[in-house]
Amino acid sequence: SLASCTLVGFYSDFGNRYFNVRCRRQRQMCVRDWQYRLMILSHLVALSNNVVIGVNNELPWKLKKDLQHFSAYTQNKAIVMGRKTDESIGRPLPNRKNIVISSWLEPQEGLEVVSNLNQAIEVASQWNKDNSTEEEIVLIGGGYVFKESKNIVNKLVLTRVECEIDGDVYYQEIDLSHWKEISKKSYKRDSENEYDFKIETFVKT
């Protein structure tokens with residue numbers, strides 16, 4: 001799995017940025033041994049103070065402004081998700097490339113189905129190239145997708161919700177010592193937002 005791999009470096013070549021991922025298992029030929037022209041591979045996720053991200057395949061809060069942030073951030077980008085996240089959304093999101101990781105889900109209009117994270121990254125990267133879009137691949141959940149990709153992401157877009165809450169899906173604890181915060185915006189609880197929250201963006205250093 002990609003969780004057994006490590007991001008080992010970035011380099012630039014005539015304005016193109018690349019990252020290298022090295023698999024810890026020797027002599028294994030896999031997509032993560034290649035050099036990817038990915039630019040940005042990001043996690044976009046909302047989490048509580050105790051890193052809950054979901055309960056009963058739903059978001060455990062009502063935060064209208066965060067949903068607006070999610071919509072704006074993912075416009076015209078390739079988004080990658082697991083089957084349960086796709087089910088919770090309920091439909092392909094317009095103005096995005098929707099890619100779902102599933103071993104049995106049938107493809108449908110507006111939705112491309114792949115069997116693993118490696119294939120999802122390949123499909124998204126090719127879509128970015130074909131459409132000359134911003135070279136970012138946004139991973140939107142759920143917990144398994146975040147766990148599998150934790151060692152290769154180079155950007156985190158975190159909505160930190162000010163609550164301790166019960167749930168059944170969790171984000172991983174993050175060591176931010178190798179990350180640089182590039183933006184932060186706070187929001188107050190109101191009639192359309194159940195909790196105080198802040199949106200923080202980090203890039204790998």
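Predicted model: local features only at pLDDT ≥ 70, side-chain atom pairs only at ≥ 80, totals over all residues.
Residues are numbered from 1 along each chain as its sequence is written, and side-chain values use heavy atoms, leaving out hydrogens and water.

**Exercise 1. Find how many helices and strands the protein has, and what share of its residues is buried.**

Step 1: Start with the elements. Helices (H or I, at least four residues) and strands (E, at least two) are DSSP runs, numbered from the N terminus. The protein has four helices and 13 strands.

Step 2: Turn to burial. Buried means under 20% relative accessible area, exposed means over 50%, and partly exposed lies in between (1.4 Å probe, protein chains only). Of the 205 residues, 47% count as buried.

Step 3: Look at contacts, meaning heavy atoms within 4.5 Å. Among contacts with a separation of 6 or more, 59% join residues 24 or more positions apart.

**Exercise 2. Work out which residues touch the most other members of the largest nonpolar core.**

Step 1: Recall the term. A nonpolar core is a set of buried Ala, Val, Leu, Ile, Met, Phe, Trp, Tyr and Cys residues joined through side-chain atoms within 4.5 Å.

Step 2: Pick out the residues. The largest core has 27 residues, and Val80, Leu139 and Tyr171 touch the most other members.

Step 3: See where the core comes from. Elements giving two or more residues include β4 (40-48), β6 (78-82), α3 (117-131) and β10 (155-161). Helix α3 gives the most, with six residues.

Step 4: Zoom in on Leu139. Leaving aside neighbours within four places in sequence, its contacts include Leu41, Val80, Leu117, Val145 and Phe146.

Step 5: Keep the other core apart. A second, separate core of 22 residues includes Leu44, Ala46, Val113 and Val138.

**Exercise 3. Classify the two aromatic pairs in the structure.**

Step 1: Set the rule. Rings of Phe, Tyr and Trp (its six-membered ring) pair if their centres lie within 6.5 Å; planes under 30 degrees apart count as stacked, over 60 as edge-to-face and the rest as tilted.

Step 2: Take Phe146 and Tyr171. Their centres are 5.2 Å apart with 85° between the planes, an edge-to-face pair. Phe146 lies in helix α4 and Tyr171 in the loop between β11 (169-170) and β12 (179-187), so this pair ties together parts 25 residues apart in sequence. Phe146 is buried at 1% relative accessibility, and Tyr171 is buried at 4%.

Step 3: Take Tyr187 and Phe197. This pair is stacked, at 4.7 Å centre to centre and 10° between the planes. Tyr187 belongs to strand β12 and Phe197 to strand β13 (residues 197-204), so the pair ties together parts ten residues apart in sequence. Both Tyr187 and Phe197 are buried.

**Exercise 4. Decide whether Asn154 is buried or exposed, and find which backbone nitrogen its side chain reaches.**

Step 1: Locate the residue. Asn154 is in the loop between α4 and β10.

Step 2: Apply the burial rule. Asn154 counts as buried because its relative accessibility is 7%.

Step 3: Compare sequence with space. Asn154 and Ser42 are 112 residues apart in sequence and 6.1 Å apart in space, C-alpha to C-alpha.

Step 4: Follow the side chain. The side chain of Asn154 reaches the backbone nitrogen of Leu41 at 2.8 Å.

Definitions and conventions. Polar contact = N/O pair within 3.5 Å; in protein donor to acceptor, adjacent residues only side chain to side chain.
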